[in-house]
Amino acid sequence: MALEKFLVIGAALFCCGLYAILTRRNAVAVLMGVELILNAANVNFVAFSHYVSRLIGGQIFAVFVIVLAAAEAAVALAIFLRLFATTGSVEVDMADTLRG
Amino acid sequence: MTGPADLVFYLLAAMTVGSAILVAILPNIIYSAVALLFTFAGVAGLYVLTSADFLAATQILIYVGGILVLIMFAVFLSSRISTVKLSNPGRFRLPAAAVCLGLFGVLSYAAVSTPFPVKPVVSYQASTAEIGELLMTRYLLPFEVASVLLLAALIGAALLSRPEGREDAAPGKEEAR
């Protein structure tokens, strides 16, 4: 069980998240893609911290990433609900009121 | 290392990556959310395999218990989910798939071909006490900044999700909307 396998898993998670962000039009699905990408970064942090540095710093970085993800999900939910109340949908293409 | 640990690793990897692909391509957003649950659980298992026990527990508690519930709330509250066409139309499927597969190839090649300075001894030891100690000493400033960030997110989310109207509007009036 080596470092490369974890990095490949992280790359796969990242690409799935990127695909979700690129193709989905529902904002909640885009948020799911962002969560996948954050998880990919966490897998890389933990794998490097375990196999290369042997220190615990990578895990602490991952803890902070999880904190950021939680805050982001809460704010995103609030924004989606506000968007739904305003426009009647949560499609990212519909939220162009500020376009000049 | 071979044997049961390898088998567990491959099972977890298959579960994680497979359900992540399902998250990306399933047309129904409810199914995507359920697949996301399995992705998070698989990542927690991978954390266990890299002796990050505290992080695995945190992953289950916060991602599965918190973020996924929030996402489910967002799905149920925000769209007419019964019709897939309305809830989750896609676009740019082919170019996005090409870009993602190409990127995956490049990243995997970089990960496999780079000679990382891997240290030979793999020791599994509990990390919770060390994380707690480091958070209170060396990483105290990021810890405090994170608390300020959480406070700001809390206030922002509460402010954003209030019903529209004047600040001194009566709560009963807001109920009637």
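Chain B contains 8 helices and 0 strands, where helices (H or I, at least four residues) and strands (E, at least two) are DSSP runs, numbered from the N terminus. The model is a predicted one, in which local features need pLDDT of at least 70 and side-chain atom pairs count only at pLDDT 80 or more, while totals for chains, interfaces and linings use all residues. Residues are numbered from 1 along each chain as its sequence is written, and chains are lettered from A and ligands numbered from 1 in the order in which they are written.

Me: In what order do the elements of chain B run from the N terminus on?
Reply: The elements run α-α-α-α-α-α-α-α.

Me: How do you know that the span of helix α3 of chain B agrees with its number of residues?
Reply: The expected span of a helix is 1.5 Å times one less than its number of residues. For the 26 residues of α3(B), residues 53–78, this rule gives 38 Å, and the end C-alpha atoms lie 36 Å apart, so the two values agree.

Me: Where does α3(B) bend, and by about how much?
Reply: α3(B) bends by about 30° at B:Tyr63, the bend being the angle between axes fitted to the seven residues ending there and the seven starting there.

Me: Why does B:Thr58 count as buried?
Reply: A residue is buried if 20 or more other C-beta atoms lie within 10 Å of its own, exposed if 12 or fewer, and partly exposed in between, with C-beta atoms placed from the backbone. B:Thr58, in helix α3 of chain B, has 20 C-beta neighbours inside 10 Å and therefore counts as buried.

Me: Which residues does B:Thr58 contact, leaving aside its neighbours within four places in sequence?
Reply: Two residues are in contact if their C-beta atoms, placed from the backbone, lie within 7 Å, and B:Thr58 is in contact with A:Val63 and A:Ile66. Within chain B, B:Thr58 and B:Ala44 are 14 residues apart in sequence and 8.5 Å apart in space, C-alpha to C-alpha.

Me: What covers the buried residues of α3(B)?
Reply: The cover includes α2 (27–53) and α3 (57–87) of chain A together with α2 (29–49) and α6 (128–136) of chain B. Among the buried residues of α3(B) are B:Tyr63, B:Ile71 and B:Val75.

Me: How many residues does each chain bring to the contact between chain A and chain B, and what makes up the side of chain B?
Reply: The contact takes 70 residues from chain B and 58 residues from chain A. The largest share of the chain B side, 12 residues, comes from α3(B). That side divides into 49 nonpolar, 16 polar and 5 charged residues, where Ala, Val, Leu, Ile, Met, Phe, Trp, Tyr, Cys and Pro count as nonpolar, Asp, Glu, Lys and Arg as charged, and the others, Gly among them, as polar.

Me: Which residues have the most contacts inside the largest nonpolar core?
Reply: A nonpolar core is a set of buried Ala, Val, Leu, Ile, Met, Phe, Trp, Tyr and Cys residues joined through C-beta atoms within 7 Å. The largest has 69 residues, and those with the most contacts inside it are A:Cys16, A:Val28 and B:Ile71. The largest share of this core, 14 residues, comes from α2(A). Not counting residues up to four places away in sequence, the residues that A:Val28 touches include A:Phe80, B:Ile29 and B:Ile71.
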